[in-house]
Amino acid sequence: MFNLLKNKKQEGISITAPCSGMAIPILEVNDPMFSKKVLGEGFAIIPEGNKICAPLTGRIEAIFPTKHAISIKSDEDIDYLIHIGVDTVELQGKPFSIFVNTGEKVTTETLLAEVDFNQIKQAGKDPSVIVIFTKPEQINEVILNSNKAIYGDSCGKIIL
């Protein structure tokens with residue numbers, strides 16, 4: 001068992017692109033709370049589609065009342081947050097349709113949300129879909145495969 005965990009730490013855990021678009025390191029997100037890693041390590045995708053899925057299989061811990069963020073605990077006990085857009089809390093949930101509930105088990109194939117990104121852009125907000133691993137002690141590094149992300153495909157890995 002110890003060797004299995006040790007191997008996962010060295011090899012990393014594959015992460016699925018929560019949406020299609022251009023993948024960017026967290027340092028390039030247009031908000032210092034994210035880019036300075038105040039909330040944790042992560043990455044973002046500048047979206048091209050409107051569907052959002054889970055990057056890791058797990059359980060929904062919380063859905064923010066304004067629907068702009070979903071908190072998930074992975075099967076490996078990694079806590080992460082999908083934050084849809086920058087300053088989109090101000091939109092009071094209007095561009096978001098959520099298809100999951102708190103406590104629900106989700107896979108990387110589960111449709112979590114559909115988003116009207118045009119509405120977000122028209123409101124003058126950054127539409128980036130940000131994935132934040134909220135407990136810094138759980139993640140050492142996020143490695144992206146490339147800058148092109150495809151909804152539901154592997155986009156990189158996390159090193160524990």
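Strand 6 (residues 69–74) and strand 7 (residues 79–86) run antiparallel and are joined by 5 bridges, where strands are DSSP runs of E of at least two residues, helices are runs of H or I of at least four residues, both are numbered from the N terminus, and two strands are taken to pair if DSSP finds at least two bridges between them. The structure is a predicted model, in which local features need pLDDT of at least 70 and side-chain atom pairs count only at pLDDT 80 or more, while totals for chains, interfaces and linings use all residues. Residues are numbered from 1 along each chain as its sequence is written, and side-chain values use heavy atoms, with hydrogens and water left out.

Strand 6 and strand 7 form a hairpin with 4 residues between them, and aspartate 77, in the turn, has a positive phi of about 65°. Within this pairing, isoleucine 72 has tyrosine 80 of strand 7 as its bridge partner. Strand 7 also pairs with strand 11 in the antiparallel sense, over 6 bridges, and here the bridge partner of isoleucine 84 is valine 129 in strand 11. These strands belong to an open sheet of 8 strands in the order 9-5-6-7-11-3-2-13, with antiparallel pairing. Its edge strands are strand 9 (105–106) and strand 13 (148–149), each of which pairs on one side only. Strand 7 is mostly covered, 8 of its 8 residues being buried, a term that denotes under 20% relative accessible area, as against over 50% for exposed and the range in between for partly exposed (1.4 Å probe, protein chains only).

Because tyrosine 80 lies in strand 7 and phenylalanine 133 in strand 11, the pair ties together parts that are 53 residues apart in sequence. Tyrosine 80 is buried at 1% relative accessibility, and phenylalanine 133 is buried with a relative accessible area of 1%.

Isoleucine 132 is likewise found in strand 11 (residues 126–133) and counts as buried because its relative accessibility is 0%. Its C-alpha atom is separated by 8.6 Å from that of aspartate 79, 53 residues apart along the chain. Contacts of isoleucine 132 (heavy atoms within 4.5 Å), leaving aside neighbours within four places in sequence, include Ile26, Phe34, Leu39, Asp79, Tyr80 and Leu81.

With a disulfide defined as a pair of cysteine sulfur atoms within 2.5 Å, the count comes to 0 disulfides. The sulfur of cysteine 53 is 8.1 Å from the closest cysteine sulfur, in cysteine 19, and therefore too far for a bond. Cysteine 155 is in no disulfide either, the nearest cysteine sulfur, that of cysteine 53, being 9.0 Å away. Cysteine 53 counts as buried at 0% relative accessibility, and cysteine 155 counts as buried at 2%.
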